[in-house]
Amino acid sequence: KIKKKMEKFNNEEEENLGIWKIKKIYKKLSSVKGNGTSMISLIIPPGDQLSRVQKLLSDEYGTASNIKSRTNRLSVLSAIVSTQNRLKLYQNIPQNGLILYCGTILDEFSKEKKVTYDIEPFKPINTSLYLCDNKFHTNILLDLTQEEEKIGFIIIDGKGVLIGLLIGNRKEILYKLNVDLPKKHGRGGQSAVRFARLRVEKRNNFLKKVSEVAAQYFIPDGNKLIVSGIIIAGSADFKNNLGLSDFFDSRLKSKILNFVDIAYGAESGFNQAIDSCSFFLKDLRFIKEKKLLQSYFDEISKDSGKYIFGVDETIEALQASMVEKLIIWENFPIWRHILYNSKTKEQFIVFSEEENLVKLEFYENYKNKNDLVLSEKEELIEWIIKNFKSWGANLFFVTDRTPEGSQFIKGFGGFGGILRYSFLSNDITV
């Protein structure tokens, strides 16, 4: 039995890891088939009661007892019992719900194999499902991989400010403030200078207040941003002045995606800003990917020495804690093998697309093949996920669906990174 448990994620990087893991499980489960209808898909939304689900399974057990085919009946009953037993490990339904797949599948050699997967999603699910079929119903996993970016909006003009969030298709107003700022004074003389000074002072106080409130809502703990990007929208010069202001937190400045001209303020301006950015926001993930890879290519074009690519070279730098941003193609196909010579006890670490020992080029070229033993085998990405934080790296997955992503995969092998400082490979000491 295999258990796949997903944690509740607290930041963007960990959520991206969660999405990658869900994609992997989806790829595995969506393609498997069973012999008969003994594959259970059970989806339980948050807030549901375990007692209700256990009663449902007990009722289904009674119904399945009447299946005429003895082989199919026993398989279905076995799957229901396994599902009941797995649910006994939970005292309550997890905060984001629970997805459970259990049953007998046919492996690549058409042999029957019992599997159980219980998945705690990294974001809430709102679906309830029980099906016993010849396949697992995995659409819910695909839905989980559709990222819901949190985008911060600041709608600002001379009449006030609105701060809001766009989460997927949902919008949320966090803060509103109405102001009555003085307009330009038309009279001359000394009073004009005094009014101009007061006007500038009040505008600056307003920008300072907006900057403080934006940081309060977008960096609530004072440390981590809760938004993937920020749109500043408004009329006149307020929006530009805010983004350039020394009052505006530098962490927020780094997340500004666009400045948008709108005709209205407050809620109407919020709606107009969302409409104006709708096409732009659809491709936000790819924009972030393009920006990341462009910074990688910039290091290469500058010949700064702050870039690296290739599995052996990158892992060498990674283990020396020199990699700041580790960039990997999400479908990177390499395995990590640990081999040792049973006589000399010498150990070898081999990276290869081949999963089987006898197909490894290293094995084929090794003089005493019979002495080689495979002690460990793991997908390289899985090994990286377990260890990258201990080397102080930030992990980014990229796709092949942008020109930059395709170039990174075809030209640089889909595995590389941006370094903290320039180095020569042979200077590394691990």
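Helices (H or I, at least four residues) and strands (E, at least two) are DSSP runs, numbered from the N terminus. The model is predicted: local features need pLDDT of at least 70, side-chain atom pairs count only at pLDDT 80 or more, and totals for chains, interfaces and linings use all residues. Residues are numbered from 1 along each chain as its sequence is written, and side-chain values use heavy atoms, with hydrogens and water left out.

**Exercise 1.** Determine which residues of helix H13 are buried, what covers them, and what phi Gly-413 takes.

*Solution.* 
1. Buried means under 20% relative accessible area, exposed over 50%, and partly exposed in between (1.4 Å probe, protein chains only).
2. In H13 (residues 403–412), Glu-404, Gly-405, Ser-406, Phe-408, Ile-409 and Phe-412 are buried.
3. Their cover includes helix H9 (284–301) and strands E10 (307–309), E11 (323–329), E15 (394–398) and E16 (415–419).
4. Just after H13, Gly-413 has a positive phi of about 80°.

**Exercise 2.** Locate Lys-183 and state how far Gly-158 is from it.

*Solution.* 
1. Lys-183 is in the loop between strand E7 (170–178) and helix H5 (190–218).
2. Lys-183 counts as exposed because its relative accessibility is 70%.
3. Gly-158 is 25 residues from Lys-183 in sequence, and the two are 8.8 Å apart in space, C-alpha to C-alpha.

Definitions and conventions:
Contact means heavy atoms within 4.5 Å.
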